[in-house]
Amino acid sequence: MNYEEANNIPGMVEPVEREMLFDRAKAIELNANDCIVEFGAFFGRSTNCIAQGLSANPNYSPNCFFYTYDSFECDVHGWFAPFVHSYAQKANVLQFITVENDKVNFKPVFDHYLKAYIESKLVISIKSELLESQPPKNPISLMHIDSPKYYEEFKFIFYRFFPKTKIGSIIIFQDFFYHWSASLILIVAVLIEKKFVSVEQSAASSLVSKILKVPTKEDILEIDLIMQNQDKLSKYFDLAIDECSKIKLDRKDQFLPRIILAKIQWFYSREKFPEAKETMEKYLKDDNSFDRQIIYDFLEVFGNGFSIRRLFEKDHE
């Protein structure tokens with residue numbers, strides 16, 4: 001892997017995640033017309049790692065297209081704009097960013113960094129909101145999901161793209177171990193319980209899973225009904241913790257407690273204050289340690305009133 005090439009692209013994907021993305025793309029089994037899908041490309045660091053891995057995959061053919069989906073926009077008053085500005089400023093690429101009608105457009109930054117892969121047609125960049133995103137016709141061997149932190153948005157991927165996977169396909173949930181990813185954690189836990197996916201490994205906040213059974217439309221509707229039953233969902237946080245504890249986790253003390261923090265955030269945002277308090281008390285009574293980063297994460301949740309939904313919606317109006 002050309003680490004310098006990936007490192008030169010600004011982004012939040014950690015070194016251990018970059019290596020994992022490269023290794024997974026290099027090792028996946030590819031049939032002649034299989035494809036790879038990514039949601040949430042940002043400036044293209046993760047895209048670059050996957051593209052490098054595909055280039056090194058002995059089974060890769062020019063018909064194995066890599067599709068990246070991203071709105072490549074956010075609201076100047078939304079959640080994501082400060083990150084876009086900060087990373088672009090540090091990398092001296094602010095000149096590629098445009099602002100019009102309060103929308104920040106950062107696709108030219110992505111095009112700048114991924115130019116060689118786009119021109120070679122290895123990477124096909126699709127500017128699209130999740131609501132409008134449509135799956136490719138060919139089977140999906142690997143899917144990297146970074147954009148949605150809420151089940152309401154993840155549903156579009158689940159309904160349209162998961163039926164295009166195959167047994168053995170690799171699904172990577174970026175920011176699974178994240179305090180704002182409560183409903184994403186829940187849907188993944190449901191998929192684990194129903195034996196549609198297995199947990200493979202973690203890398204920083206990413207969870208790598210494998211498709212054990214491809215969901216049908218009927219399966220998806222059944223799982224959606226489970227996700228609508230808010231009163232019975234909280235148990236799936238515990239299932240997620242149990243399943244993730246069975247594998248070797250990257251920085252377990254830092255990332256596993258984030259599922260507890262996500263559970264507290266989920267309870268609190270639904271005004272289930274006693275349940276949120278009980279969850280925190282149980283964590284403390286069980287003599288669990290607090291990594292310094294977890295304190296910062298809690299302060300971030302606390303400072304945003306236990307919900308960033310309003311800011312997220314501004315970015316994706």
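Let's start with a charged pair: Asp-146 and Lys-149 form a salt bridge, their closest N and O atoms being 3.9 Å apart (a salt bridge is a side-chain nitrogen of Lys or Arg within 4 Å of a carboxyl oxygen of Asp or Glu). This is a predicted model, where local features need pLDDT of at least 70 and side-chain atom pairs count only at pLDDT 80 or more, while totals for chains, interfaces and linings use all residues. Residues are numbered from 1 along each chain as its sequence is written, and side-chain values use heavy atoms, with hydrogens and water left out.

**Around Lys-149**
- Lys-149 also meets Asp-175 in a salt bridge, at 3.6 Å from N to O.
- That pair links distant parts of the chain, 26 residues apart: Asp-175 sits in the loop between β8 (165–173) and α8 (182–193), and Lys-149 in the loop between β7 (140–145) and α7 (151–160).
- Lys-149 has a relative accessible area of 13%, so it's buried (buried means under 20%, exposed over 50%, partly exposed in between, with a 1.4 Å probe and protein chains only).
- Asp-146 is buried too, at 18%, and Asp-175 is buried at 15%.

**Other salt bridges**
- The structure holds 14 salt bridges.
- One of them joins Asp-286 and Lys-282, with the closest N and O atoms 2.9 Å apart.
- Here Asp-286 is partly exposed at 45% relative accessibility, and Lys-282 is exposed at 53%.
- Glu-14, Asp-250 and Arg-251 are tied together in a network of salt bridges.

How values were computed:
Helices (H or I, at least four residues) and strands (E, at least two) are DSSP runs, numbered from the N terminus.
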